Amino acid sequence: MKKWLGFLIIATFGCSAMNAVAEDQGAVSAAKMASESQPMPVPQAADATQAPVAAPAVGVKAPIDFGDYRSSTLATKAWAALAQNDIESVLAYTNKCISLYGAQAAKMQASLKDYATGSNDVIFKYWALNDVAVSYFIQGEAYRAANMKDEAKQAYNTLISNFTYGQAWDTKGWFWKPAAAAKEKLDMMAAGLNWDFGDYTSSTLVQKAWTALAAKDVKAVEAYVNKAAELYAAKAKDMQASLKDYASGPNDAIFKYWALNDVSTAYFILGQAYQNANMKDDAKKAYNTVISDYSFGQSWDTKGWFWKPAAAAKEKLAMIAAGVNWDFGDYTSSTLVQKAWAALAANDLKAVEAYTNKAVELYGAKAKDMQASLKEYPWESKEKTMSYWALNDVGTALFILGEAYQNAGQKDDAVTAYKRVINEFFYAQCWDNGGWFWKPSEAAQQKLGELDNV
């Protein structure tokens, strides 16, 4: 057991996204099968051409529950196990699906000369082929994540050779092709690469592109953005063409344009990666793609609002033209404050101005709303205080700006910045890594006293 577990050098998977895909895929497929009154499955003898990849003779980490033994249920459970990095359970569920439905899947494969097309109902008719193909793909992913390359290749190649025309349902409303994805995985393995596309959803690809950008891995950013464009650009352009302005209203109304939002964000990330690598022409091309093809895309910020990649792309192009490169990262208020602190430490006044002004531009209104809602400093708990994130970050950013001006001998500008902290964002608090909050307005008042004595 210890030897087996030693192999488990597992890549990180988007757990919530993968579970959502699995659950919805299972629900759709199960509903289809139920409507056709599929009988409770009986084990079928599978020939050697579709024998499951053998699992090591070890116990499983969690109880195995095959549920109703339907192919969709088993594939759903395999996705969930993959998301939990539980390879032993992945093999249990996928091998059960293959042993029960491999023969039926092979018959469905033999009946086709190309991928089934038409309505969803037509494609769902090939349920066994689809779910067995997905099972082999999941096996390949599990083995590849554990660095068991030979086993991964075997699973991928079995899928490609014997279940080529299987298709997997994506919750966003389309089918993807496990065999094509398996070929891509084999190509990456041959090239010594390991781009992990997760569940292939646009949101997952964008998340991975952000992570690669933070790691300054331009090649990985390219891989994730190109995959997002390959899978979703056509849908994104259709959504763009349906709009005459930015979608507005409740969040759900904006999230409906998921492909447009994610592809526009992906190209913005690509532009930023190129810009950071001083690949200016490539950066301009990526930014201009956002502006020309996906101008109405919007990107969700985890703090609860949308920002506009096209507007940010225009700003980046202006920076390139001016010969500067303020890296706003993920544009969150916390990131902007961190970068302002770093610029202050580097005595880079222009950078402090850039990061502070961006924080005020994006979050100033929200910060003022939070300020207006208070009559005293929040004190009940750390979580309560941090819930006023915009107020805290904007107040802190302006304090940093005042200090940068003070250090540069620009007294009048320093006074203006400090007074804004006091007059507009008085209840802002800043977390110290030592484990306590300090108050920018009080610090600003002290700084004003120092300036009066100069």
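Start by selecting Tyr224: at 8% relative accessibility, Tyr224 counts as buried (buried is under 20% relative accessible area, exposed over 50%, partly exposed in between, with a 1.4 Å probe and protein chains only). Before you go on, note that this is a predicted model, where local features need pLDDT of at least 70 and side-chain atom pairs pLDDT 80 or more, while totals for chains, interfaces and linings use all residues. Residues are numbered from 1 along each chain as its sequence is written, and side-chain values use heavy atoms, leaving out hydrogens and water.

The ring centres of Phe197 and Tyr224 sit 5.8 Å apart with planes at 85°, so the pair is edge-to-face (Phe, Tyr and Trp rings, six-membered for Trp, pair if their centres lie within 6.5 Å; planes under 30 degrees apart are stacked, over 60 edge-to-face, the rest tilted). Phe197 is in the loop between helix 8 (178-190) and helix 9, and Tyr224 is in helix 10 (residues 218-241), so the pair ties together parts 27 residues apart in sequence (helices are DSSP runs of H or I, at least four residues, numbered from the N terminus).

Last stop: show helix 4 (residues 87-110) and helix 6 (residues 127-145), which pack at about 145° with axes 7 Å apart (axes are lines fitted to C-alpha atoms over the stretch in contact, and angles run from 0 to 180 degrees between N-to-C directions).

Definitions and conventions:
Helices (H or I, at least four residues) and strands (E, at least two) are DSSP runs, numbered from the N terminus.
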